[in-house]
Amino acid sequence: MEKIIEVKNLTKKFNGFTAVDRVNFDVMTGDIFAFLGPNGAGKTTTIKMLTTLLNPTQGEIRLNGFDPTKDKDDTRRSFGIVFQDPSLDDELTAYENMEFHGVLYSVPKDLRRQRIEELLKFTELWERKNSLVKTFSGGMKRRLEIARGLLHHPKVLFLDEPTLGLDPQTRNHIWSYIKDLNQKEKITVFFTTHYMGEAEKIANQIAIIDHGKILVQGTVRELINKTKTKSLEEAFIQLTGHTIRTETASALDQMREKRKFFRR
Amino acid sequence: MQTIYILWLRQVKRYFRSKSRIIGSLGQPLLFLVALGFGFGPIYQKAGGGNYLQFLTPGIIAMTVLFTAMFSGIETIWDRQFGFLKETLVAPVSRLNIMFGKTLGGATVAILQGLIVLVISILIGFRPHLLFLPMALVFMILIAFLFTALGTAIASKMEDMHGFQLIMNFLVMPIFFLSGALFPLNGMPKAIGWLIKINPLTYGVDGLRSSLLSSVHLGLLGDFTILLIAVLILLSIGAYLFSKIQI
């Protein structure tokens, strides 16, 4: 087994506040890796550093052999990402959103067409390819984002809370696609979620992060045994405590609220 | 190149699809043309200024381009937190190309809005000289690029939409009112005269008016040069600030 992501001593400080503190972990090729933690634990900051959006204060990252701080474009070609907030263009059709992505990643025209068809069929959106995305349900949008993230044949797919706000049926559906992908395309999946049941069911490796530090890493079984609990949820609570995290609402949270108001 | 093209295409497609936005944003210039044009027309005529609608229309076209361009630039805030911009920022393309593509798209939309207002004004009674129409177009293009770049620069520095009103009232409106779009600029108090001189839109309005009314004069070359320099400076600032955006 090969390491597709290697993280050594990764640290990120914002004006004296340490968001990520000397974090170490490896992800093997073909893994479904769950990155869990309470709000504000450092998950998103870590993902941002892995995906070239943020430069670390210290430490080293290798993704598919590339250094995200130096080989930005090579790193970017190596992964696909589904953000927590939808990043589709509502005023474009599903096909146009895909096409746009293909052009940005310079996927050659013929291959692009073929791959878009294949992926839209896989996510069962082919019939709706010419509909504007604003007419899509939350689950359809997520599926489209997953399809889009895969268009350029990435080695790793990042999913930041991919099932947030979806009903159980849709959530199951999404996970079955992801599992399928992992098997068919041999793609490594790196995801975050707050639904412990989902992580328990789907992930073969789990890391729990809190206050910027990795508390534990292993399989579900290993984590449960280690904490002497019955489920991942209990293990998680035992490791991270019962306290509810107080987070100051950022500008982004405020905009998220407003967006719900305007767009729904 | 392909990046710039697809970003441009996206914005133009969005523009043509949102019919309500096109019509909605034409309301204000139309209101200005009708209310001010016909309202102040007789007084202006009596004061010996000639036909006010002829004077006013180039100013209103400049206003339309200014507002649309600023707005498409500032929209970047929205886009960057939720949308599409995030998707483009993790793509293997340079930020400079993304910024140029967006600016080109925003400017194109602003120019189209300006042209629609020109057509409407002709229906109301504006009589442009068609000979220098290409030159008027050049000035519209310069105004459009100038303010799309300014909007993008501001948006790169702003965290949310709260500052939007501030920018409208303390930047965009003064730029519009102190540009000679609505009234002739002679006999202004000194301090205001100074503000008018450093306002780049002043040169845009003058250029646009001179070309549309065919009162072409030597100052036109000066207008063009000043605008072009302003565009280049703002594009550089915009590109720099855009490259520093963190999401």
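Reply: In chain A, strand 6 (residues 156-160) and strand 7 (residues 188-192) are paired in the parallel sense, over five bridges. Two strands count as paired if DSSP finds at least two bridges between them. The strands (E, at least two residues) and helices (H or I, at least four) are DSSP runs, numbered from the N terminus.

This is a predicted model, in which local features need pLDDT of at least 70 and side-chain atom pairs count only at pLDDT 80 or more, while totals for chains, interfaces and linings use all residues. Residues are numbered from 1 along each chain as its sequence is written, and chains are lettered from A and ligands numbered from 1 in the order in which they are written.

Within the pair, A:L157 has A:V189 of strand 7 standing opposite. Both strands belong to an open sheet of six strands in chain A, ordered 5-6-7-3-8-9, with mixed pairing. Strand 5 (79-82) and strand 9 (213-218) of chain A are at the edges with a single partner strand each, so one side of each has no neighbour in the sheet. On average, neighbouring strands of this sheet are turned by 15° against each other, direction ignored.

Helix 8 (residues 220-227) of chain A lies across strand 8 (205-210) and strand 9 of chain A, and runs at about 115° to strand 9. Contact here is between residues whose C-beta atoms, placed from the backbone, lie within 7 Å. Axes are lines fitted to C-alpha atoms, for helices over the stretch in contact, and angles run from 0 to 180 degrees between N-to-C directions.

Technical notes. Two residues are in contact if their C-beta atoms, placed from the backbone, lie within 7 Å.
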